[in-house]
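Let's take a walk through a protein model together, one piece at a time. Keep the picture in view as you read, and try to find each part as it comes up.

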Amino acid sequence: MRKFTVLDGLVAPLDRANVDTDAIIPKQFLKSIKRSGFGPNAFDEWRYLDHGEPGMDNSKRPLNPDFVLNQTRYLGAQVLLARENFGCGSSREHAPWALEDYGFRAIIAPSFADIFFNNCFKNGMLPIKLDAGKVDALFKAVEASPGYRLRVDLELQTITAPDGAATGFEVDAFRKHCLLNGLDDIGLTMQHVDEIKAFEAKHRTAQPWLFA
């Protein structure tokens, strides 16, 4: 998993509440478990004018000009600004896979669905909860300033605007540690590889018939 330390990224606003995981990555794309390749189909039903299916050449599909992420000013965005209850619906881990593969590293919203929130941390993305008033102010700032960027510092737990104004955010200490060090569940387990090998060797000696 990629480490998350400091991100200076372009912000894209998705001004919708209750964005569910089927909107983030529709169900027909859930057949693969490779964790990669989902970015072109993130927000597929909003992003394109036709119906998407796995294996289609997305470069030839008609884009929806009214969908915010198709606007030139937001191309390459790494920070997604959203409304309340982002990531609700089914618990598919493909949703953070799709967002991360699209290019987002941080998501700012007043609230998130619990399972989606947890899955973000396990896949190298930082979900940040800010109160609705601060999120609304960010939406207005992004709309008023093309090229609006935010600096997100996980170690300091701050979001810094272009004018230098900083806003703090809360994050669980263990999740922070894992993101800063790029540790997913497998990475955490591999920190104890010597103890695991020692246990396996002892187990093999004590009960050799199990390994016959």
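Start with strands β1 and β2, which pair in the parallel sense over four bridges. To find the spot by eye, look for Leu14, which stands opposite Ala82 in β2. Keep in mind that this is a predicted model.

Now look across to another partner of β2. Strand β3, residues 106-109, also pairs with β2 in the parallel sense, over three bridges. Here Leu81 stands opposite Ile108 in β3.

What covers the faces of β2, and which residues lie on each side? In a regular strand, side chains alternate between the two faces of the sheet. In β2 (residues 79-82), Val79 and Leu81 are on one side, Leu80 and Ala82 are on the other, and all of them are buried.

Next, follow the chain from β2 to β3. Together with helix α3 (residues 94-102), these two strands make a right-handed β-α-β unit. The buried residues of α3 are His94, Ala95, Pro96, Trp97, Ala98 and Leu99. They pack against β2 and β3, and also against the helices α1 (21-24) and α4 (114-122). After α3 comes Gly103, with a positive phi near 135 degrees.

With these elements in place, you can look at the protein's interior. In soluble globular proteins, nonpolar side chains tend to be buried together. In this model the largest nonpolar core has 58 residues, and those with the most contacts inside it are Phe43, Phe86, Leu99, Ile108 and Phe116. The largest share of this core, five residues, comes from strand β1 (residues 6-14).

Finally, turn to Leu49, in the loop between α2 (44-47) and β2. Is Leu49 buried or exposed? Leu49 counts as exposed because its relative accessibility is 57%, and the cut-off for exposed is over 50%. Apart from neighbours within four places in sequence, Leu49 is in contact with Pro62, Leu63, Asn64 and Pro65. For a sense of scale, Leu49 and Glu100 are 51 residues apart in sequence and 23 Å apart in space, C-alpha to C-alpha.

Terms used: Residues numbered from 1 in each chain as written. Predicted model: local features only at pLDDT ≥ 70, side-chain atom pairs only at ≥ 80, totals over all residues. Heavy atoms only, no water. Core = buried A, V, L, I, M, F, W, Y, C linked by side-chain atoms within 4.5 Å. Buried < 20%, exposed > 50% of the residue type's maximum accessible area, 1.4 Å probe, protein only. Pairing = 2+ DSSP bridges. Right-handed = clockwise from strand over helix to strand, strands pointing away. Contact = heavy atoms within 4.5 Å.
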